[in-house]
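Please keep the model open beside you as you read.

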Amino acid sequence: MTSLSASLVRGALSSPFKRAGRPDATLPSGRLTRPAAPVAPGPLAAYRKICGFAESGPLPLTYPHVLAFPLTMRLMTDRAFPLPVLGLVHTWIEITPHRAVRPTEPLELVVYAEGLAPHRRGTEVTMVTEARVGGELVWESRSGYLSRHATTDTAASPRSAPDPVGDLPAVAEWRLPGDLGRRYGAVSGDRNPIHLHPLTARLFGFPRAIAHGMWTVARCLAEAGYGAEIRSVRAEFRAPVLLPATVTYAADAAGDTFALRGAKGRVHLAGTVTR
């Protein structure tokens, strides 16, 4: 968590000196690695609780992403990374569990940047995270982060979204407290100001603090009870959840398509599962 906080500070200081959309922009080719280490039981228990996962069993599907996020931030705030981290928006994530991971297994984590792509609203970077046990790839993810800027590339388009989810049947309703961002930030280490308090969120254009996107997808996966028996899951972050809020988790009968909806049916998150 200390290294993550340092990266947030470094990102805030370096962002004004970076300009997104440069045609000659390149990504750093290196990989950042955390040597194999056991999962700390205390933070894991706190994460399970705030996201609604079972108190025991394999690692939650989203947890390796949380463990590796300090590495991701270190890479994205490095001088060689071409996009300013301030204002970078997490737009989607794809998780591929190759097998269930026991909390007692030491995880080696690797993070690297895979590619830059034009987007109708700017430039999108894909970040890859891999988790290994004894050299075996047991889990991996890809995430899209959007740097918004003016663009004349009208051919650029976002990645394909899941099928329309507005009519999915409601499964559960959740009341999210105003301090959810601070509570999740304390557990995950992600203390981005947009999640912590209305005053700090307003500095970045939000009227109130917003929920972490990774909390919303984790809470949906916990509600559905998905585990490593699935081949992959993809979630699109479509609209921020302003806190406090009441949201509805919806899913089809098979659980292959799910969504998180807010007031007036606004879709905050849409996801698909491949079995």
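L269 is buried, its relative accessible area being 0% (buried means under 20% relative accessible area, exposed over 50% and partly exposed in between, with a 1.4 Å probe and protein chains only). This residue belongs to strand β10, which covers residues 267–274. Helices (H or I, at least four residues) and strands (E, at least two) are DSSP runs, numbered from the N terminus. Before going further, a word on the source: this is a predicted model, where local features need pLDDT of at least 70 and side-chain atom pairs count only at pLDDT 80 or more, while totals for chains, interfaces and linings use all residues. Residues are numbered from 1 along each chain as its sequence is written, and side-chain values use heavy atoms, with hydrogens and water left out.

Which residues does L269 touch, beyond those up to four places away in sequence? The list is T216, V217, C220, A235, E236, F237, F258, A259 and L260, where contact means heavy atoms within 4.5 Å.

How many disulfides does a search of the whole structure find? The search finds 0, a disulfide being a pair of cysteine sulfur atoms within 2.5 Å.

For C51, the nearest cysteine sulfur is that of C220, 11 Å away, and C51 is in no disulfide. C220 is likewise in no disulfide, with the sulfur of C51 as its nearest cysteine sulfur at 11 Å.

## Helix α2 and what follows

C51 is also one of the buried residues of α2, together with L44, Y47, R48 and I50. The cover over these buried residues includes α3, α4 (180–188) and α6 (213–224). Just after α2 comes G52, which takes a positive phi of about 90°.

T62 sits in the loop between α2 (41–51) and α3. Is T62 buried or exposed? T62 is buried, with a relative accessible area of 0%. Leaving aside neighbours within four places in sequence, T62 is in contact with Y47, F53, I95, M214, V217, A218 and L221.

## A histidine in α3

H65 lies in helix α3, which spans residues 63–76. With a relative accessible area of 6%, H65 is buried. Its contacts, apart from neighbours within four places in sequence, are H90, I93, W139, S141, S143, Y145 and M214.

## Partly exposed loop residues

Now for two residues in loops. H98 is found between β2 (89–97) and β3 (107–119), and at 40% relative accessibility H98 counts as partly exposed. Not counting residues up to four places away in sequence, H98 touches L137, V138, W139 and E140. H98 and T129 are 31 residues apart in sequence, with 13 Å between their C-alpha atoms.

R22 is placed in the loop between α1 (2–14) and β1 (32–37). This arginine is partly exposed, with a relative accessible area of 29%. From R22 to P97 there are 75 residues in sequence and 35 Å in space, C-alpha to C-alpha.

## The chain as a whole

Stepping back, the secondary structure comes to 6 helices and 10 strands. The radius of gyration is 18 Å, close to the 19 Å that the globule rule gives for 275 residues, so the chain is as compact as a globular protein of that length. That radius is taken over C-alpha atoms, and the rule is 2.2 Å times the number of residues to the power 0.38. Along the principal axes, the C-alpha atoms fill a box of roughly 50 × 45 × 35 Å.

Of the 275 residues, 49% are buried. Among contacts between residues at least 6 apart in sequence, 73% join residues at least 24 apart. The chain exposes about 13000 Å², with carbon and sulfur atoms supplying 54% of that area; accessible areas come from the Shrake-Rupley method with a 1.4 Å probe, and for residues only the protein chains shown count as cover.
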